[in-house]
Amino acid sequence: MRNPLNSFIENIPPSGIRKFFDLVTDMNDPEVISLGVGEPDFDTPWHIREEGIYSLTKGHTFYSPNAGLKNLRVEISRFIKRHYNMLYDPVDEIIVTVGGSEAIDLCFRAMLDPGDEVIIPEPCFVSYKPCAVLAGAVPVVIDLQEKNEFRLTASELEAAITEKTKLVFISYPNNPTGAVMEKEDLEEIARVIIEHDLFVLSDEMYSSLNYSDKPFVSIASLPGMRERTIVINGFSKAYAMTGWRLGYAFGPNNIIKQMLKIHQFAIMCAPTTAQYAGIEAMKNGDEDIVMMREEYDRRRHYLLARFKEMGLDCFEAKGAFYLFPCIKQFGLSSDEFAKRLLKEQKLAVVPGSAFGASGEGFIRISYAYSLRDLKKAVERIEKFIESLKNAECNRS
């Protein structure tokens, strides 16, 4: 019998994040604490949920326009202006998608021809390379360095560019490292992009979760970059709306138009109920963002201080809700460290290798969990590290 499967799909490995999530599920142990999934522990704010519920009672259960409800796109445009001082036309420069993940897929498929190269700095979220492959493109990986706080440098980008390069993918604040890029960093990257006539896909899903003293800056706001940048954002992280599956993209009309074409055929439209909730989030959710960001920041400071106390190396990540401590001193691979931590201390984290080869020697810890759980988790990490150190002493 002929193989019924697509060879590209067969050769794409499953998500390393879900691998450990499944291990926790299979253990079925109530004592296990998981810091592995990047999902806010807050409920969606009530006023946002209420608007979704109200839309159902009013019978708003029909298809929306393919690009999304006009009112939602208007509010997204206002949000972009209010927070990032950029102007985008809600009619033809914004598209509402089923989460940020769909927007990434749409962008790759709309922009990349087979054989085009897309530069993807790693460590990065697990879907970027597979989406590029599914679009027929060739991912070209840049291994980011801890010494640079996992920021992309202009020299690294320059070295990766070939005559086939078309698109550069950036994602800051970053998942899994928590790294941020400040305006000065982005200006150097923009210079290289413009010089080589390239395009940028900027995943800014965590842009509202920035703890740096300097405000978040989108690369699209820099001179010469608006016309060559697609920006991805959404509601999952900023408003604790992961299950609503609502995202959006904005950029030049000629690119958005082609993304919309794919969206029409593959998806039709984002969930209507979620879109009505999204309107409320955009209009009246700024205070919710501030409240959650302040709580995440408290957790970030707590973990960084405790890691320092126990001698666990970790650079000060200033974005998202992840830390990326280095575990190289213990002589275990990231996968081995994470598996043993789960088995011996019933604590789940994600090995850094799940996010690319340059993530080896690190683990990703999400602090989108209660401070109570984080305190328990830190105690278990400390016990595990002590056991590793004691075992090393005994061998010596």
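These notebook entries record what I looked up in the structure shown above.

**Entry 1: ground rules**

I am working with a predicted model, in which local features need pLDDT of at least 70 and side-chain atom pairs count only at pLDDT 80 or more, while totals for chains, interfaces and linings use all residues. I number residues from 1 along each chain as its sequence is written, and side-chain values use heavy atoms, with hydrogens and water left out.

**Entry 2: the nonpolar cores**

I began with the nonpolar cores, a core being a set of buried Ala, Val, Leu, Ile, Met, Phe, Trp, Tyr and Cys residues joined through side-chain atoms within 4.5 Å. For burial I use relative accessible area, found with a 1.4 Å probe on protein chains only: buried is under 20%, exposed is over 50%, and partly exposed lies in between. The largest core has 73 residues, and those with the most contacts inside it are Leu152, Leu157, Phe337 and Ile381. Helix H13 (residues 371–395) gives the most to this core, namely seven residues. Another core lies apart from it and has 29 residues, including Ala238, Tyr248, Ile279 and Ile289. Helices (H or I, at least four residues) and strands (E, at least two) are DSSP runs, numbered from the N terminus.

I then asked which residues Leu157 is in contact with, once neighbours within four places in sequence are left aside. Taking contact as heavy atoms within 4.5 Å, I found Ile119, Ile142, Leu152, Val168, Ile189, Val192 and Ile193 around Leu157.

**Entry 3: Tyr128 and Ser171**

Tyr128 lies in helix H6 (residues 128–134), and I noted that Tyr128 is buried, with a relative accessible area of 2%. Not counting residues up to four places away in sequence, Tyr128 touches Ile104, Phe108, Ile120, Phe169, Ser171 and Asp203.

Which side chains make a polar contact with the side chain of Tyr128? I count a polar contact as a pair of N or O atoms within 3.5 Å, where within protein one must be able to donate a hydrogen and the other to accept it, and where residues adjacent in sequence count only if both atoms are side-chain atoms. The side chain of Tyr128 makes such a contact with the side chain of Ser171 at 3.2 Å, and another with the side chain of Asp203 at 2.5 Å.

Ser171 lies in strand S5 and counts as buried, at 8% relative accessibility. Leaving aside its neighbours within four places in sequence, Ser171 is in contact with Tyr128 and Asp203. I also looked up a pair separated in sequence: Tyr128 and Phe355 are 227 residues apart along the chain, and their C-alpha atoms are 9.8 Å apart in space.

**Entry 4: backbone details**

I found a cis peptide bond joining Glu122 and Pro123, with omega about 5°, and Pro123 has its place in the loop between strand S3 (117–122) and H6. A cis peptide bond also joins Tyr172 and Pro173, with omega about -10°, and Pro173 is placed in the loop between strand S5 (165–171) and helix H8 (183–195).

Phe150 is not a glycine, although it has a positive phi of about 60°; Phe150 sits in the loop between strand S4 (138–143) and helix H7 (154–160). Asp197 has a positive phi near 55° and is likewise a residue other than glycine, in the loop between H8 and strand S6 (199–203). Are these two residues buried or exposed? Phe150 is buried, with a relative accessible area of 1%, whereas Asp197 is exposed, at 52%.

**Entry 5: helix H11**

Arg300 is found in helix H11 (residues 286–310), and I recorded Arg300 as buried, with a relative accessible area of 2%. Apart from residues up to four places away in sequence, Arg300 touches Tyr211, Glu316, Ala317, Lys318, Leu323 and Tyr367.

Val290 lies in helix H11 as well and is partly exposed, with a relative accessible area of 33%. From Val290 to Glu336 I read 46 residues in sequence and 37 Å in space, C-alpha to C-alpha.
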